[in-house]
Amino acid sequence: MSVGKEFIKGMVRENPVFRLLLGLCPVLATSSSVMNAIGMGVSVIFVLVASNTLVSLLRNFIPPKIRIPIYISIIATFVTVVDLIMAGFFPDLHKSLGMFIKLIVVNCIILGRAEAFASKNNTFYAIIDGLGMGIGFTFSMIIIATIRELLGNGTWLNMPVFGTQFEPVLIFVLAPGAFITLGFIIGGMNWLDHRRAAIATKS
Amino acid sequence: MDIQNLLIISVGAIFISNFVLSRFLGLCPYIGVSKQLDSALGMGMAVVFVMSIASLFTWMIYYYFLEPSSANLIFKLFRNQLDSPPDLRYLQTIAFILVIATLVQFVEMVIQKTSPGLYRSLGIYLPLITTNCAVLGVAFLNIDSDYNFIESIVNGFASGVGFTLALVLMAGLREKLEMANVPKAMKGAPIAFIMAGLMSLAFMGFSGLSFG
């Protein structure tokens with residue numbers, strides 16, 4: 001098991017959003033602007049790394065039969081920490097992310113990593129895995145948010161990109177735009193896969 | 001009881017701000033369990049049931065244990081040790097998720113004992129519901145919107161119905177889509193997302209409904 005491989009797998013091969021289709025609710029709901037996407041991504045990275053660390057440290061003490069409630073309590077604790085910190089220091093961001101910060105508790109990525117990885121590996125690898133998956137998640141969110149904010153609002157991180165002539169396609173910052181953007185990105189990734197497979201079989 | 005108010009809440013939760021199509025809650029089952037009409041209906045029923053009960057219990061937990069008010073039961077029990085009702089609202093997330101997880105487990109056991117027929121049709125979906133963000137979402141929503149006891153239950157039920165409606169419509173479309181000639185790369189999840197986008201577009205039409 002190499003450190004680099006564990007770190008990189010969350011970004012491409014096992015990308016939680018585009019490949020595994022996990023944790024989609026916050027991805028679609030909070031990707032209407034790049035700022036929101038970064039805020040959500042950083043919160044997820046924090047919760048994922050912290051819960052992976054604690055689960056992996058406690059992996060020999062947690063009785064297997066009640067492991068899921070224990071994982072959920074651990075995750076809920078860290079989510080509360082993030083929620084309170086964000087409400088205290090970034091009230092605007094907290095307001096626009098709304099209840100999706102609290103809903104990180106039920107995000108399948110975090111429970112999934114605790115169950116599938118952190119409970120079986122040592123703390124160092126668990127942290128690396130959490131970082132990789134978290135960054136992969138943030139990266140996907142930023143891609144979706146970039147497309148939506150550029151097309152729907154003509155800005156990137158609130159900076160105007162196109163000239164005044166640009167007429168924003170409002171639908172992209174609304175709910176339907178989120179679904180359509182994600183559909184095309186996943187389709188595009190499948191297309192790349194098929195192409196790569198076709199080239200591999202030819203040669 | 002203000003029936004009109006309850007009606008407004010129901011229509012709002014089912015159509016105007018549909019849980020899946022405009023609030024983006026419960027997307028995992030929406031994409032995962034929408035391949036067949038039967039299973040979509042089963043999942044929908046289970047969600048309606050759990051969401052109504054979860055709304056009831058989380059409302060009681062919040063107002064009788066977490067909120068610092070004179071109705072707080074912890075304050076009533078330890079009145080001689082406490083000067084003022086304790087503010088436990090920061091425990092909301094942990095309390096709600098544990099209550100919902102326990103509740104789902106409990107509902108599963110009760111259904112298994114009392115009606116094996118219902119258990120056979122809903123049973124496999126019940127464990128999935130714990131991690132369905134729609135259930136936790138409706139609990140937070142009830143508190144954030146300051147709904148009273150009855151309004152919370154009605155909102156929970158109607159949100160569940162809205163979720164079921166979106167899920168069943170999607171399942172019906174996807175069954176037809178099996179026959180369609182979709183480009184290879186877009187098969188499965190990608191085309192489902194685009195279809196969800198179009199449905200969401202259609203549901204946006206309901207936002208013109210206004211009560212006044």
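Q: How many residues of chain A are in contact with chain B, and with how many residues of chain B?
A: This is a predicted model. Contact here requires heavy atoms within 4.5 Å. By that cut-off, the residues in contact number 37 in chain A and 36 in chain B.

Q: Which three residues supply more of the area that chain A buries against chain B than any other three?
A: Chain A and chain B bury about 3,100 Å² between them. Carbon and sulfur atoms carry 84% of that area. On the chain A side, 22% of the buried area comes from A:Met99, A:Val106 and A:Phe179.

Q: Where in chain A is confidence lowest?
A: Chain A has a mean pLDDT of 90, and 100% of its residues reach 70 or more. Confidence is highest in helix 3 (residues 34–57) of chain A, at 95. The lowest mean, 83, belongs to helix 1 (residues 3–9) of chain A.

Q: Are helix 3 of chain B and helix 5 of chain B parallel, antiparallel, perpendicular or oblique to each other?
A: The axes of helix 3 (residues 37–66) of chain B and helix 5 (residues 92–114) of chain B come within 10 Å and cross at roughly 140 degrees. Roughly antiparallel would need an angle over 145, and roughly perpendicular one of 65 to 115. The two helices of chain B are therefore oblique.

Q: How many nonpolar residues does the contact of helix 3 of chain B with helix 5 of chain B have?
A: These two helices of chain B make a right-handed crossing. Helix 3 of chain B contributes residues including B:Phe49, B:Ile53 and B:Phe57, and helix 5 of chain B residues including B:Phe96, B:Val99 and B:Leu103. By class, the contact has no charged residues, two polar ones and, as nonpolar, 16.

Note on methods
Residues numbered from 1 in each chain as written. Chains lettered and ligands numbered in written order. Predicted model: local features only at pLDDT ≥ 70, side-chain atom pairs only at ≥ 80, totals over all residues. Heavy atoms only, no water. Axes fitted to C-alpha atoms, helices over the stretch in contact; angles between N-to-C directions. Helix = DSSP H or I, 4+ residues; strand = E, 2+ residues; numbered from the N terminus. Parallel < 35°, antiparallel > 145°, perpendicular 65-115°, else oblique. Left-handed = near helix turned anticlockwise from the far one by under 90°. Nonpolar A, V, L, I, M, F, W, Y, C, P; charged D, E, K, R; others polar. pLDDT = per-residue confidence, 0-100. Buried area = accessible area lost by both parts, 1.4 Å probe.
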